[in-house]
Amino acid sequence: MSGTADVQPDVNLLDGYAAGEGCFDEVISPDGSLRPVWAQSLQSLNKLGSDELTRRWQRAQEEIHQDSITYNAYKDDPANQRPWELDALPFVIGQAEWRTLASGLIQRAELLNRILGDIYGPQELLTSGLLPPEWLFSHPGFRRRFHSQSPSTRAQLNVYAADLVRGEDGAWRVIGDRTDAPFGLGYVLENRVVASRMLPNMMRKCRVERLAHYFIALQHMLRDSAPAHRDNPRVVLLSHGPGGPNYFEDVYLARYLGYTLVEGADLAVRDDKVFLKTLSGLLPVDVIWRRLSDEYCDPLEVHSDSNVGVPGLLQATQLGNVAVVNAFGTSLVESTSLLPFLPGIANAWQGRELELPSVPTWWCGQDSARQHVAANKETLRLCSAYRVARQEFSDEDLWSTNSDAKDRLLSSRPHELAARQLIRRSTAPVWTADGPPAPWHVALRVFLVSHKDSYQVLTGGLIRLSRSSEALDRSIIAGEVSKDAWVLSTGQVRHASLLATSREPIVLRRSGAEVPSRVADNLFWFGRRVERAQGACRLLRPTVGCLTGEDDGDDARELPFLTRCLAAVGLLESEPATEDVDNLLPTIARSLPLVTLDGKRPGSLRSTVDHAYRNASLVRDRLSLDSWRIVHRIERRFAAIDETSFQGGQDHANEAFELVELDELLDELIVDFAALDGLFSESMTRTPAWRFLELGRRLERAWYMTSLVQSLLQVGSAIESKSLESLLKAADSLMTYRGRYLAAVHLSTTLDLLVTDDTNPRSLAFQLQSIQDHVQNLPSGQTHPLGTPEDRIASTLLHDVRMLDVDDLSGKCVGSERSKLDQFLARVVDQLPKLSNLVSHRYLIHAGRPRQLAESSSPLG
């Protein structure tokens, strides 16, 4: 990405930049001079030049888009995903300033951890008067069931983040503590990866501190949290799943750290111990890094309607059988209403002031504070006193309330309200391609992890920027742009890597059996739907060719056969009522855009791709980056088409999307699917996960080939060479046939190539042979002397196809009497759904109800 750029020493990238009025600017001093910490960074950027910086920035944005990095700004609607935007300019912090911030944050984390231990323990804060009892016992997030937990480490607050704001005076203050399941670590990593590709030389010259030290400490903390301190504990990352707001980040962190990504349904509690449900049975879990709120982790204890938690998890934790990070109940100290009491607690317990103070805040549950807020409500920001997953009003509701309504709230529900001083956030330059940088307001989130007897700070953080300071007050994620945060070292940057050193012993492994049933199920159906979509493309392409060919009369003769095939695989609802080409042409011309592009039409190509994309999203952590990029690119090809064109009926659809464009789209999709075939074949280790994906593909391809050959046999004795050529094209075997026979297309040789030739990866025999191999190698906890039922079906079908006589195929496959081939194909149609259901029942039952091989929306039904 970096490339080679011409040096432009006379360029100043900040020419025309006007610092924000009435606020602290991170780059420009009040006298207009450049702040010293930015000197070397700006010098390097100036040498790069604006054109080269813009080019690299655009490449970086395209990379982010290819990886489909998104976020949910307000966490209210899983469908409200926004693309992640990374600015070309970094956010630079000097080492001296960073050390001051780090020291204050470590003090704060230690204080909050001790508060948690007291609240869920002896509650000395209440008896000493440092914390009002009414604050705790009126708090909707205080759960007595969380009292007296037994974490396996000293810290209950293992992962902590603080939201910082720099005011007009240039001082940093904490505007919020994030102690439940802090968001943003994955995006910090992604920002650094992209920025290091965009500005590699500049990062080295400026001596930017590495992030890996933090993640090494995080791994150590999770390992040391295991009960009985096992040497190699099983750690899982508990996620909301694709419906949650942080799914991209969960996938990214699980892949980066090497942990198994799970959802609540992947875990089970047996005898007060937690197990991972896998294809090879139940495997014990030692540590759970939860990425969802503690209120949703155990539906038996808090929200009984939650479907993302693990029933019985709290009791397993309290008995010391599993460690949960962060501990249950840590969300309590996220509350804004706790901030006014922290200075007094710090003085009493630590004997010193807070090094990094909070934004001035008042809890309206106290009379004096309520009176102060009522008298100064125009200069203060009302907000919810508590941070709980379900509350009666949001901060946005409070901000939009008029003065009289605020007075009523302060009178009727004061304990639910807090207020904080308004602070105009600092600004930093945001790069624009068509003008000077613009000043946007800054929010900084810094992360800490418990380490030994204290905490380790991430040397960087999540930077979010917005044109509006108020937007960032609502949520740091409400910002529109992010920056990579650079902490500059004054000395040599310490090397760090998550990889084991050469001195550490490594145990050889052939892993892969620890595949959750949910993952296997989604890989199975992902393979099915990818293959179904590819078959649809290969069948649609010659059909479009019939309508766009130069010789209309000759090309269109195959239209009746191809439309019969389209109906057989479910792209058309029924076979055409007529085989008259003149009548078929306009009907099929109107139908093709709809069966290809209408996502609301059951069985359409777009519908199949949407389902495949959904399956891929559910197992994104199991797919390589290259595979995911291709899947996302396929989805983007359809997203780029205006779907509103298909809401006005067939005539409007045909006008909106020409057949020539459709032909180009199918060509591009077939190339994409071929690339996926290659990645599945050459880039996946032969684990059970791969076998389920391949089994789904082979089942689907076997059904597809069976449907095409059955459609051919329905033609009767009038089979023409053009129909055979179309069949070979749809089966991606025409080139093989031409290279093998160098002659006109004949029925017997075509059937041999597509049915009985086990060297052709598109033939039915090849699929049945692969199906048998995959079924025999699926995980099995017991021996079956006579084979499993699914193994017997696969072996029988493979034997039957091998017994077909090629000579018999040429003379007896058409006519009134059913041929051996016809009878065999009927058995395949009957037995494949049974095989699919047996596999689902044996291995995928934990993932949901077994699904038929031919779904209601499937082209195979």
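Two strands count as paired here if DSSP finds at least two bridges between them, and strands (E, at least two residues) and helices (H or I, at least four) are DSSP runs numbered from the N terminus. Welcome to a predicted model, in which local features need pLDDT of at least 70, side-chain atom pairs count only at pLDDT 80 or more, and totals for chains, interfaces and linings use all residues. Residues are numbered from 1 along each chain as its sequence is written, and side-chain values use heavy atoms, with hydrogens and water left out.

**View A. Strands β8 and β9 pair in the antiparallel sense.** The pairing of β8 with β9 (residues 273–278) runs over 4 bridges. Look for Val269, which stands opposite Val274 in β9.

**View B. An open sheet of 3 strands has the order β8-β9-β10.** Its pairing is antiparallel. At the edges lie β8 (267–270) and β10 (281–284), each pairing on one side only. Neighbouring strands are turned by 45° against each other on average, direction ignored, with axes taken as lines fitted to C-alpha atoms.

**View C. The second largest cavity has a volume of about 70 Å³.** A cavity is a set of points on a 1 Å grid over the protein atoms alone where a 1.4 Å probe fits but cannot get out, and lining residues have an atom within 4 Å of a point. Grid points are joined across faces, edges and corners, and the volume is the space filled by probe spheres set on them.

**View D. Phe526, Val530, Val609, Ala612, Tyr613, Val631, Ile634, Phe673 and Leu676 line this second largest cavity.** Two or more lining residues come from each of α16 (517–548), α20 (605–618), α21 (625–639) and α23 (659–682). The largest share, 3 residues, belongs to α20.

Conventions:
On a 1 Å grid over the protein atoms alone, a cavity is a set of points where a 1.4 Å probe fits but cannot get out, and a pocket is an open set with protein on both sides within 12 Å along at least five of seven lines; lining residues have an atom within 4 Å of a point. Axes are lines fitted to C-alpha atoms, for helices over the stretch in contact, and angles run from 0 to 180 degrees between N-to-C directions.
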